[in-house]
Amino acid sequence: AIRGALFGEARPDIIVLDDVQDPRYINNEDRRNSEWEWLLDDVCNSINPYRDDWKIVFIDTVKHQDGISERLADMPDWVTLTLPACNADFKSTAETFISTKQIKEEVSSHMAAGTMDVFYRARMCLPVSPESTLFKHEYFRYYEENSYEWSKLLPKLQTMVICDPAR
């Protein structure tokens, strides 16, 4: 267990976590919540909060839109570095690591296999491919409550549903 770890009288000053979430269980919400609580409670409380010479480094491949890496990216006190292997046009962002030709070959293979979500997680740091998202950007319309357009639309509404598409 990481909590309570001491070296002599000192707490750890650097903790490196690499791929702590098992992809076989990533779709289990209870498990994701439990792992999140483990990070915030056991890991974050194993350092000395009264000193400023410690670091916690979390390294991971995006596995789920509600995984630890995605939650940490939303936290203001964590610094996030995202390193996709390619851009939206499937052009390599790191030719010395993987060439554009190799990226495009992988894209072709994943398209044929119907596994573009896997490609997007591993190579683009995105939890799902745009093709498989349930809630596409074009499905949404945004209005300011005080806008003229909204005031014209409001009397015509019979039902209004407000939802969080991330849940």
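# Pocket and salt bridges at a glance

The largest pocket holds about 910 Å³ of space. Phe58, Ile59, Val79, Thr80 and Leu81 are the closest to its centre among the 28 residues that line this pocket. Please keep in mind that this is a predicted model.

**Lining of the largest pocket**

- Strand E2 (55-59), helix H2 (68-73) and helix H4 (116-124) are the elements that give two or more residues to the lining of the largest pocket.
- With five residues, E2 gives the most to this lining.
- Sorted by class, the lining of the largest pocket contains 18 nonpolar residues, alongside six charged and four polar ones.

- Glu105 and Lys101 join their side chains in a salt bridge, with 3.1 Å from N to O.
- Both residues, Glu105 and Lys101, belong to helix H3 (residues 100-113), where they sit four residues apart, or about one turn of the helix.
- Lys101 is exposed because its relative accessible area is 61%, and the cut-off for exposed is over 50%.
- Glu105 has a relative accessible area of 42%, so this residue is partly exposed.

**Asp60, Lys63 and their network**

- Salt bridges with shared partners link Asp19, Asp60 and Lys63 into one network.
- Within this group, Asp60 forms a salt bridge with Lys63, and the closest N and O atoms are 2.3 Å apart.
- Is Lys63 buried or exposed? Lys63 is buried, because its relative accessible area is 15% and buried means under 20%.
- Asp60 is partly exposed, since its relative accessible area is 21%.

**The Asp53 and Arg51 pair**

- A salt bridge also brings together the side chains of Asp53 and Arg51, at 2.5 Å from N to O.
- Asp53 has 39% relative accessibility, so Asp53 counts as partly exposed.
- Arg51 likewise counts as partly exposed, because its relative accessibility is 47%.

**Background on the pairing**

- Side chains that carry opposite charge can pair when their charged atoms come close.
- For the search here, the cut-off is a side-chain nitrogen of Lys or Arg within 4 Å of a carboxyl oxygen of Asp or Glu, so the Asp53 and Arg51 contact at 2.5 Å counts as a salt bridge.

Conventions
Residues are numbered from 1 along each chain as its sequence is written. This is a predicted model: local features need pLDDT of at least 70, side-chain atom pairs count only at pLDDT 80 or more; totals for chains, interfaces and linings use all residues. Side-chain values use heavy atoms; hydrogens and water are left out. Buried means under 20% relative accessible area, exposed over 50%, partly exposed in between (1.4 Å probe, protein chains only). On a 1 Å grid over the protein atoms alone, a cavity is a set of points where a 1.4 Å probe fits but cannot get out, and a pocket is an open set with protein on both sides within 12 Å along at least five of seven lines; lining residues have an atom within 4 Å of a point. Grid points are joined across faces, edges and corners, and a volume is the space filled by probe spheres set on the points. Ala, Val, Leu, Ile, Met, Phe, Trp, Tyr, Cys and Pro count as nonpolar, Asp, Glu, Lys and Arg as charged, and the others, Gly among them, as polar.
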